Amino acid sequence: MTSTPPRVFVSSVITGFEAYRRAAREGILAAGAEPILVNEDFPSTPDSSRNACLDAVASSDAFALVVGERGGWKTPSGRFVIEEEYDEAVRRGIPLYVFLQNVDRDTETKAFVSRVSDYVHGTFRRTFDDPEELQAELQKALATLRPKGIRMKGPAISAALKARNDRSQEPTLRLVIASVRDEELFDPLDLLREDFQDQVIQVESAQPHPLFGLRKEKKVQNEGGSLIITQPDEQGSHGSRWQSMLTLASDGIITAQTSIGPRNASSSRGLTLSMTVQIKDLALAAQSLFQGVDGLLGLVDQFMRHRQLEYNVAVHNLGYHYIVDEAPRAGGGVAMRMSGDEPVVAFDNARAITRETLSRPEGEIERVVQLLKHRAK
């Protein structure tokens with residue numbers, strides 16, 4: 001098992017303290033850790049500022065509190081923002097590192113520092129005078145912070161990728177992906193909550209490449225600790241096919257699959273078209289799967305604790321179909337592929353991917369469809 005850099009949340013005032021926050025970032029990086037500075041690094045979110053900050057604390061492996069002369073903004077509770085962040089880290093048992101500037105403080109900030117520094121219940125702290133000293137103190141303090149474990153999920157991905165697909169007889173594209181971080185991705189209780197399930201369906205129905213049709217029937221099940229959302233096929237054998245399924249397993253494995261082909265109603269595809277899978281349709285299906293997983297991870301992990309992932313893709317039920325660049329002309333003949341029950345898998349081993357690439361997957365999609373075309377011959 002390898003490791004990933006621990007994430008360190010930086011809690012401090014913002015205005016007038018920019019040089020110290022930059023120093024904190026440099027000290028954390030020098031210690032081989034990943035700095036988490038919400039104000040500087042993360043985009044706007046639909047959540048409240050309070051929830052965004054506390055969620056970012058929860059996404060971290062360590063908490064660095066840096067206090068100068070002011071405690072900063074107060075929340076409706078009457079506490080400083082940095083105080084609420086500190087209390088959230090304490091509540092979650094996140095390792096605490098406290099750095100106090102050698103300056104005079106106002107009365108309320110003194111009271112907070114006294115609580116943080118309490119001999120029995122507080123946290124051992126270091127002091128600093130300037131940004132350079134803060135950087136050095138952070139680097140020294142975090143040198144003993146242990147990296148977080150990574151467990152490669154290749155075998156589990158392969159098993160989920162090759163599991164039989166009995167829900168459809170038409171060609172189907174399946175994506176299986178997992179975080180390599182050796183810890184929980186989903187809260188098992190969330191998978192049981194109807195409001196969470198509704199949020200997932202909404203995310204997976206988003207344009208421009210939805211996994212689910214917003215108005216189409218869906219079935220939600222919980223089996224063996226996994227959440228399974230299915231959109232059944234509504235058309236006959238010669239009409240448009242749009243069957244999709246999303247499975248969120250309690251072990252963090254995400255499986256998304258969707259039928260390959262036009263999603264608008266059509267009277268008949270004809271025998272020639274029914275024997276081929278076009279590259280453009282394969283790519284569109286892949287876009288739905290990648291977008292769906294990216295949206296899901298944005299829902300459950302907006303601060304990207306799970307940045308490193310592994311994935312693989314396979315076509316199920318290819319049968320006699322060939323994967324072709326373009327559909328044959330009307331009336332033209334097409335050779336039938338030798339049928340096989342085994343799925344056509346893109347990669348021999350699970351492939352590494354980051355959240356950044358997942359959000360801009362065009363290059364990955366091109367690689368996937370070309371490999372699937374080659375391996376389907």
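A crossing of two helices is called right-handed if the near helix is turned clockwise from the far one by less than a right angle. In the predicted model described here, helix H3 passes helix H4 in a right-handed crossing. The axes of H3 (residues 49-58) and H4 come within 9 Å and cross at roughly 40 degrees. On the side of H3, the contact is made by Arg50, Cys53, Leu54 and Val57. H4 contributes Glu84, Glu85, Glu88 and Ala89. By class, the residues of this contact comprise 4 nonpolar and 4 charged, with no polar residue.

An open sheet is formed by 5 strands in the order S3-S2-S4-S5-S6, and the pairing is parallel. Strand S3 (34-36) and strand S6 (125-128) are the edge strands, each of which pairs on one side only. From one strand to the next, the twist averages 25 degrees. Within the sheet, strand S2 (residues 7-11) and strand S4 (residues 62-67) run parallel and are joined by 4 bridges. In this pairing, Val8 stands opposite Ala62 in S4. Helix H4 (residues 81-91) packs on the sheet and touches S2, S4 and strand S5 (96-101). The direction of H4 makes about 150 degrees with that of S4.

Aromatic rings were also examined. The count comes to 8 aromatic pairs. One of them is formed by Tyr20 and Phe128, whose ring centres are 5.8 Å apart. The planes of these two rings stand at 50 degrees, so the pair is tilted; planes count as stacked under 30 degrees and as edge-to-face over 60. The pair links distant parts of the chain, since Tyr20 is in helix H1 (residues 18-30) and Phe128 is in strand S6, 108 residues apart.

The crossing of H8 and H10 is right-handed. From H8, the residues in contact are Phe196, Gln199, Val200, Val203 and Glu204. From H10, they are Gly292, Gly295, Leu296, Leu299 and Val300. The residues of this contact divide into 6 nonpolar, 3 polar and 1 charged.

The crossing of H10 and H12 is right-handed. H10 makes this contact through Ile279, Leu282, Ala283, Ala286, Gln287 and Phe290. The residues of H12 in the contact are Glu364, Ile365, Val369, Leu372 and Lys373. The contact of H10 with H12 has 8 nonpolar residues, 1 polar residue and 2 charged residues.

Several backbone features lie in loops. Most residues other than glycine have a negative phi, and most peptide bonds are trans. A cis peptide bond joins Gln207 and Pro208, with omega at about 10 degrees. Pro208 is placed in the loop between H8 and strand S9 (219-223). Met304, a residue other than glycine, has a positive phi, near 55 degrees. Met304 lies in the loop between H10 and strand S14 (308-316). Asn317, also other than glycine, has a positive phi near 60 degrees. The position of Asn317 is in the loop between S14 and strand S15 (322-324).

Conventions: Residues numbered from 1 in each chain as written. Predicted model: local features only at pLDDT ≥ 70, side-chain atom pairs only at ≥ 80, totals over all residues. Heavy atoms only, no water. Pairing = 2+ DSSP bridges. Helix = DSSP H or I, 4+ residues; strand = E, 2+ residues; numbered from the N terminus. Axes fitted to C-alpha atoms, helices over the stretch in contact; angles between N-to-C directions. Contact = heavy atoms within 4.5 Å. Nonpolar A, V, L, I, M, F, W, Y, C, P; charged D, E, K, R; others polar. Phe/Tyr/Trp six-rings, centres within 6.5 Å; stacked < 30°, edge-to-face > 60°.
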